[in-house]
Structure formats: structure tokens, C-alpha cells
Amino acid sequence: MNTLLDRKRQYEADCEAAIKSGRKKEAIIAAARAAELAFKLAEKTEGTVSQRYIEDAEGWLEIGERIKAKGFDQVRGKRQEAKGASDLKPKTSNLKPEEAEGPEESEWLVGEKPNMTFDKICGMVEAKQAIMEMVVYPLMQPEKSEALGLNPGGGVLLYGPPGNGKTLLGKAIAGELDCPFFYASGASIRSKWHGESEQRLSKLLKSAQACDVAVLFLDEVEGLLPKRGGSSQVDNRIVTQFLADVGGFEESRNTLLILGATNKPWDIDEAVFRTGRFDEKIYICPPDEPARTGILAMELAGVSYDEALRVDEWAARLDGFSGSDIVGIMKSAKRISLGRAIREDSDAVLTVNDIEAALKKIPSSITEKMLKEYARFQEQRFN
Ligand SMILES: Nc1ncnc2c1ncn2[C@@H]1O[C@H](COP(=O)(O)OP(=O)(O)O)[C@@H](O)[C@H]1O
Ligand SMILES: [Mg+2]
């Protein structure tokens, strides 16, 4: 595996090559990635080394913004300046490259396009349709939306009980759209960056703004933008900063789509809803029967199972379970089946009894009380 530093250098080289051959979008994305890796390196290092990585990262963000605003000519000079800074290696002799390795890549993705598409998500027919109309079509065909006076971009909040495909849907949207996808999870920003969360979120918003079109997915957004007014200074600062940054975007020309996902929409600061961001809200409910059938079929694809195991019966039995409960039950059943096949030295075949046994271990994670809370939230907030 490459070290962070190697990867950062690769993006720098990619950016330079893209600038040379006039590929603007790729140059902006590569600059954003170089910046992000520089931030990661800053986090892994200390003192002046860390400080220099931060300056380096800021240099790359600036390069991205310049490419976007002014084209390439003004950037080339700046690139030379930045190169001196970006060539820095960790100066402390006791720091090995592998110590700069970042394991939590998935928590802080910049501009990556996830390998997920709508057809891998079962059910959710209405939510997918709404997303296509609100988000995907306007961004795919901006001229046509403009002709109809529709403004692409904006914000959508996906909310509902955990494990029913909100994150999956966010990733599929990016997979469907040919544009950079910025992903941040509230919990990881908060826990990783402590007192600096608001600056980090702000930087992320700015990287997204450097692209002509971008999707910013804020997962677990209630952890990022919680109600202000409490004793937490960080909470107050981060929400205020977010509102200020988003206010700035309203005037900018780029198309930024902000998607938020949350299990606890009632914990989000109300001013966030008033910005015009998250003006659309989609409830992501537990899978209905066709969706449960689809999830089961996906889990059974290529699996040898007993003919007494009927997908339609199990789809009916698993009413009230979340999508991730169902996936978990099937995984557990397969392990039970494997254990038996090994013990008995027999063929591995999944049976009804294996699923029954797994079901005893994995109860539904969704309660009536939970569903009522969402219903109450819908009534109070949106009507
Ligand atoms: N509609 C669905 N179709 C396919 N898989 C699903 C669906 N809903 C949930 N899952 C499964 O559950 C897992 C968790 O879903 P996730 O998107 O993380 O839920 P959420 O973000 O709503 O908590 C997914 O990785 C997938 O395996
Ligand atoms: Mg999620």
C-alpha cells in the first residue's frame, strides 16, 4: 500500500499533468485530493512539520479555486510556488513513512466516486424517483432544467430509522452522476478533529465549491449540525460557520448539491432548514415486501440453499426488520450453515433452520416507538 505521502505526490503529479493538457475538472479534483492528503499528513505529524502540511494543503485548495475562477495561466505560476512547499518530507528523522499512513480513508473521502448504483438498492421506488427528479436529472442535463427555470443544486435531507439505505442512496447518487462526490460523516469529523471541526467542514465546503458541479454528502448530519444554544462551544461554532459558508454559496455560480442523512432529524439545528438548504426531505422507511424480497434474493444469489427455503415466505416473515437487519440475519445464517457443514463434513447448504437460528440471535432494530417519533417529526416540522 502506498503511503499518504506517495499518494499525495501522485495527485500533485496528476494535477500538474491535467493543467498541462487543459483538463480543468480533473486538475481541480486532483488538487482537492492533494489538499486532503496534506491535511491528513498534518494530522499525523506535529509542530512545524504539521504546520507546513497545513500550509501546503491550503496552497492546493487555493490552486483548485484559481483553476476554477481564472483558468490555467494564472495557476501555473502559483503551482511553482506551491511545489516548493509540497515537496516537503516529514523533517523529523524518527517519523517513518508508514507512521503517516491513514487507515480511515472512508471517513473522509474527497471527490471519490463510489461504486454504487441505484439498481443495487432494493425497493425505495418513490425515494429513488424523487431523487432522480430533484437531483439527478437537473445535474445531468443542466441546459434542459434551465430552459424550464429549474435551478439544479440545493439540498435534500434523507431521514429515517437506521440501516435502511440512506448512506447507500447517497453513494448511489454519486455513482449515477458523473461528478465529484465529497463525503463526510458527522461523527467522524467531530471525533477526529475535536476543536477544529468547523474549520474542517468549512474546508470541505470550499473544496466542493471549487468544482463546477459537486455533490456533498453529510452523513449523520445531526452530529455535525446539532441544535445550538447548549453548553457546547463547538456545536455553536460549527453550525454558525456552516450557515455562513452555505450563505456564500448562494451567490456563487457553481452547482453544489448538499445531501444530508440522519436517524435523528429532530436533533438538527432549525436554522439549517431555514437556509433553503435541505428544503427537500425524503423519509427513508424500512423495506417493504418487494424490497425485502430483493434484499433476500441478493443475499441468496449464487448460494446453494435448500428448496424448502422460500424467498416470498421469508420476505413476509421479516416485516418490520431493517435492511441491514436482514443482511445481518442472512450472514449469520450462512455462518451457522458453514459451521454445520464443517462439523458434519457435509456439503454447505443453507436451510430454513439456519435462518430460524439466526433470527433468534438478531432481533429487529426498529421499534414502533421509533416509527412514531418520525411520524411526529413529519407532522411538526414539515406541515
Ligand atoms: N433497500 C436496500 N437495498 C439493499 N440493501 C440494503 C437496503 N437497505 C439497507 N440495506 C443494507 O443495509 C446496510 C446498511 O444500510 P445504510 O445505507 O448504511 O443505512 P442507513 O444509512 O440508513 O443507516 C447496507 O449496506 C445494505 O447492506
Ligand atoms: Mg448511514
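Reply: Strand E3 (residues 181-185) and strand E4 (213-219) run parallel and are joined by 5 bridges, where helices (H or I, at least four residues) and strands (E, at least two) are DSSP runs numbered from the N terminus, and two strands pair if DSSP finds at least two bridges between them. This is a predicted model, in which local features need pLDDT of at least 70 and side-chain atom pairs count only at pLDDT 80 or more, while totals for chains, interfaces and linings use all residues. Residues are numbered from 1 along each chain as its sequence is written, and chains are lettered from A and ligands numbered from 1 in the order in which they are written.

Within this pairing, Phe181 stands opposite Val215 in E4, and the bridge partner of Ala184 in E4 is Leu218. E3 is mostly covered, with 5 of its 5 residues buried; a residue is buried if 20 or more other C-beta atoms lie within 10 Å of its own, exposed if 12 or fewer, and partly exposed in between, with C-beta atoms placed from the backbone. Phe181, Tyr183 and Ser185 point one way from E3, whereas Phe182 and Ala184 point the other way, and all of them are buried.

E4 is likewise covered: 6 of its 7 residues are buried, so E4 is largely enclosed by the rest of the structure. E4 is also joined to strand E5 by 6 bridges, and these two strands run parallel, with Val213 standing opposite Thr255 in E5. Between E4 and helix H10 (221-224) is a loop that holds Glu220, a residue that has a positive phi of about 50° although it is not a glycine. Glu220 is buried, because 21 other C-beta atoms lie within 10 Å.

From E5 (residues 255-262) the pairing continues to strand E2, through 6 bridges and in the parallel sense, and Leu257 in E5 is the bridge partner of Gly154. E2 (residues 154-159) has 5 of its 6 residues buried, so E2 is largely enclosed by the rest of the structure. E2 also pairs with strand E6 (residues 280-283) in the parallel sense, over 4 bridges, and there Val156 stands opposite Glu280.

Leaving aside neighbours within four places in sequence, Leu169 is in contact with Ile121, Met124, Ala127, Ile131, Leu158 and Ile284, two residues being in contact if their C-beta atoms, placed from the backbone, lie within 7 Å.

Next comes the ligand. Of the 19 residues around ligand 1, Gly165, Lys166, Thr167, Gly323 and Ser324 come nearest, where a residue is near a molecule or strand if its C-beta atom, placed from the backbone, lies within 6 Å of it. Helix H7 (166-176), helix H13 (289-300) and helix H15 each supply at least two residues of this shell. Domain 2 (118-286) and domain 3 (289-365) both give residues to the shell, so ligand 1 lies between them; the domain bounds come from an automatic or database domain assignment. By class, the shell has 11 nonpolar, 7 polar and 1 charged residues, where Ala, Val, Leu, Ile, Met, Phe, Trp, Tyr, Cys and Pro count as nonpolar, Asp, Glu, Lys and Arg as charged, and the others, Gly among them, as polar.

Ser332 lies in helix H15 (residues 323-344) and counts as partly exposed, because it has 18 C-beta neighbours inside 10 Å. Leaving aside neighbours within four places in sequence, Ser332 is in contact with Ala358, Lys361 and Ile362. Asp345 is found in the loop between H15 and helix H16 (352-361), and its phi is near 50°, a positive value in a residue other than glycine. Asp345 is exposed, because 6 other C-beta atoms lie within 10 Å.

For the protein as a whole, the secondary structure comes to 17 helices and 6 strands, and 39% of the 383 residues count as buried.
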